[in-house]
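Please open the model in a viewer and keep the sequence at hand.

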Amino acid sequence: MSRQVRLPNPRLITGIVGRDVVKDPYFSLNKLYQTTLTELETLPKIYPYRVETERLTKERMGLLEKAKSVVEFEQALDTRCIENVIQEAKSELLLIRKLPGWAPWEPLVGDAPENQWKWPI
């Protein structure tokens, strides 16, 4: 038994070289957003990246749930191609999975060199 496609993609092409049309963007994005929220739980709760990414992901999930069509969802995000949104979500998920190894929330090993944050020098 096949599942019902909630928001079928009306396009035949994306108009972007190398970017294929996603037949069921609702399913793809919903799955990516759910996974993103789960993976974010591995980061410290007060880490600003986690806080902001959770907020953005939940906001987009809400827009996705309310959308009656792919075009309506794209308009809500002010984008012209839902496939780009899907690619962004995939890239975000890859980054989230790398962050625990980098631990950017931990203090610097040493002091920053003088004038490092001053521009122009």
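Begin with the buried residues of helix H2, which pack against helix H1 (25-40), H3 and H4. The model is a predicted one. To display these residues, select Arg50, Thr53, Glu54, Thr57, Arg60, Met61 and Leu64. They lie on the same side of H2, because they cover an arc of only 140 degrees around the axis.

Next, turn to the face of H2 directed away from its buried side, where the exposed residues Pro48, Lys58 and Lys66 are located.

Now select the whole of H2, residues 48-66. How far apart are its end C-alpha atoms? The distance is 27 Å, which agrees with the 27 Å that 19 residues should span at 1.5 Å a residue.

Proceed to Asp78, in the loop between helix H3 (70-77) and H4. The phi of Asp78 is near 60 degrees, a positive value in a residue other than glycine. Is Asp78 buried or exposed? Its relative accessibility is 73%, so Asp78 counts as exposed.

Then move to the segment after H4 and select Asn115. Although Asn115 is not a glycine, its phi is positive, at about 70 degrees. Asn115 has a relative accessible area of 37% and is therefore partly exposed.

How values were computed. Residues numbered from 1 in each chain as written. Predicted model: local features only at pLDDT ≥ 70, side-chain atom pairs only at ≥ 80, totals over all residues. Heavy atoms only, no water. Helix = DSSP H or I, 4+ residues; strand = E, 2+ residues; numbered from the N terminus. Buried < 20%, exposed > 50% of the residue type's maximum accessible area, 1.4 Å probe, protein only. Expected span 1.5 Å × (residues − 1). Arc of directions from axis to C-beta. Contact = heavy atoms within 4.5 Å.
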